[in-house]
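Please walk through this model with me, one region at a time.

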Amino acid sequence: MHILGIDVGGTGIKAAFVDTEIGALLSERIRVTTPHPATPAAIGATLKELVEQYQWKGPIGIGFPAAIQHGVARTAANIDPSFIGLPITDYFSQQTACPTYMVNDADAAGLAEIRFGAGKGNTGVVLIITIGTGLGTALFINGQLLPNTELGHLLLENGVEAEHYASETARLTKNLKWKEWGTRLNLYLSTMETLFWPDLIVLGGGVSAKLHKFSGQLTTKAPVVAANFLNQAGIVGAALFAKEELQRVA
Ligand code: BGC
């Protein structure tokens, strides 16, 4: 089954066709900059253009940086606050004129890793953390997702919100060396470990390719591995989510 996967991030919007049977991209990835302010109308217009560019009328899966409860956006940390309370699935479905399935972006990335990537076949508790503009989390048990965990907003023992302390944005704005940032990330991972005791921690986002630069700072008992899909996980996972939703209602 071919589905257009779209990953909406705080900085960029990426899209590609995905073969959901094997979890692989079928086309070149297109990336456009996320409009600012990132309002529903502005993002909707960007999605419409993307879909038109692909001349696509079939199902689309969209990973989105908010908690999405039964098609309604509930949070808006790195996007316009007017998203909160919006029936976002219906809204983007109308804008794109395609059957639309929406999922939190970290949950999407997690789904790709659990079905086809670094968490494949793991029957325990797997925590996937996507590191980018924000800190996204996805929690799985025996391959089953607990949706919309917003654990990047956890307050650390130093009183700082994890997302503000250990995201990619924090690393870049504070100009931190890999080891300095790795020590920050370790505080977050260790805190998560004492709360959830995952069997495996998977790190996603662009920094996962640099794990070797900060793995020396990480002290969790659970193994920490890089996402297999690196920064394609969001696109693949969004399409997988759409496929699983389609199968569920069929
Ligand atoms: C949002 C999450 C999202 C994460 C990564 C956070 O600020 O609250 O919903 O998954 O950023 O984009």
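In which strand is threonine 100 placed? Threonine 100 is in strand β8, residues 100-104.

A word on the source. This is a predicted model, so local features need pLDDT of at least 70 and side-chain atom pairs count only at pLDDT 80 or more, while totals for chains, interfaces and linings use all residues. Residues are numbered from 1 along each chain as its sequence is written, and side-chain values use heavy atoms, with hydrogens and water left out.

Back to threonine 100. Is threonine 100 buried or exposed? Threonine 100 has a relative accessible area of 7%, and it therefore counts as buried. The classes are buried under 20% relative accessible area, exposed over 50% and partly exposed in between, with a 1.4 Å probe and protein chains only. Leaving out residues up to four places away in sequence, threonine 100 touches Ile60, Ile62, Thr89, Phe92 and Ser93. A contact means heavy atoms within 4.5 Å.

The side chain of threonine 100 also has polar partners. One is the side chain of threonine 96, in polar contact at 3.5 Å. Another is the backbone oxygen of cysteine 98, which lies 2.8 Å from a polar side-chain atom of threonine 100. A polar contact is a pair of N or O atoms within 3.5 Å; within protein, one must be able to donate a hydrogen and the other to accept it, and residues adjacent in sequence count only if both atoms are side-chain atoms.

Now the overall layout. The domain assignment gives domain 1 as 2-107 + 232-249 and domain 2 as 118-227. Such bounds come from an automatic or database domain assignment. The centres of the two domains, taken over C-alpha atoms, are 23 Å apart.

How many residues of domain 1 are in contact with domain 2? There are 12, and they meet 13 residues of domain 2. About 880 Å² is buried between the domains, with carbon and sulfur atoms giving 46% of it. In domain 1, Asn78, Ala106 and Asp107 lose the most area to domain 2, together 55% of what that side buries. Buried area is the accessible area (1.4 Å probe) that two parts lose on being put together, summed over both.

What holds polar atoms together here? Five residue pairs are in polar contact across the interface of domain 1 and domain 2, both residues at pLDDT 80 or more. On the domain 1 side, β6 (68-69) and α3 (105-116) each give two or more residues. By class, that side has five nonpolar, six polar and one charged residues. Nonpolar covers Ala, Val, Leu, Ile, Met, Phe, Trp, Tyr, Cys and Pro; charged covers Asp, Glu, Lys and Arg; the others, Gly among them, are polar. The interface has zero salt bridges. A salt bridge is a side-chain nitrogen of Lys or Arg within 4 Å of a carboxyl oxygen of Asp or Glu.

Salt bridges do occur in the model, and the count comes to five. One of them joins glutamate 244 and arginine 115, with the closest N and O atoms 2.7 Å apart. This pair links distant parts of the chain: glutamate 244 is in helix α8 (residues 233-249) and arginine 115 in helix α3, 129 residues apart. Glutamate 244 is partly exposed at 24%, and arginine 115 is partly exposed at 28%.

Arginine 248 and glutamate 245 meet at 2.8 Å, N to O. Both lie in α8, three residues apart, about one turn of the helix. Arginine 248 is exposed, at 58%. In helix α1, glutamate 52 and lysine 48 lie four residues apart, and their side chains form a salt bridge at 3.2 Å, N to O.

Finally, the backbone. Most residues other than glycine have a negative phi, and most peptide bonds are trans. The bond from histidine 36 to proline 37 is cis, with omega near 0°. Proline 37 is in the loop between β4 (30-33) and α1 (40-53). Histidine 70 has a positive phi of about 50°. This histidine 70 is in the loop between β6 and β7 (72-73), and counts as exposed at 78% relative accessibility.
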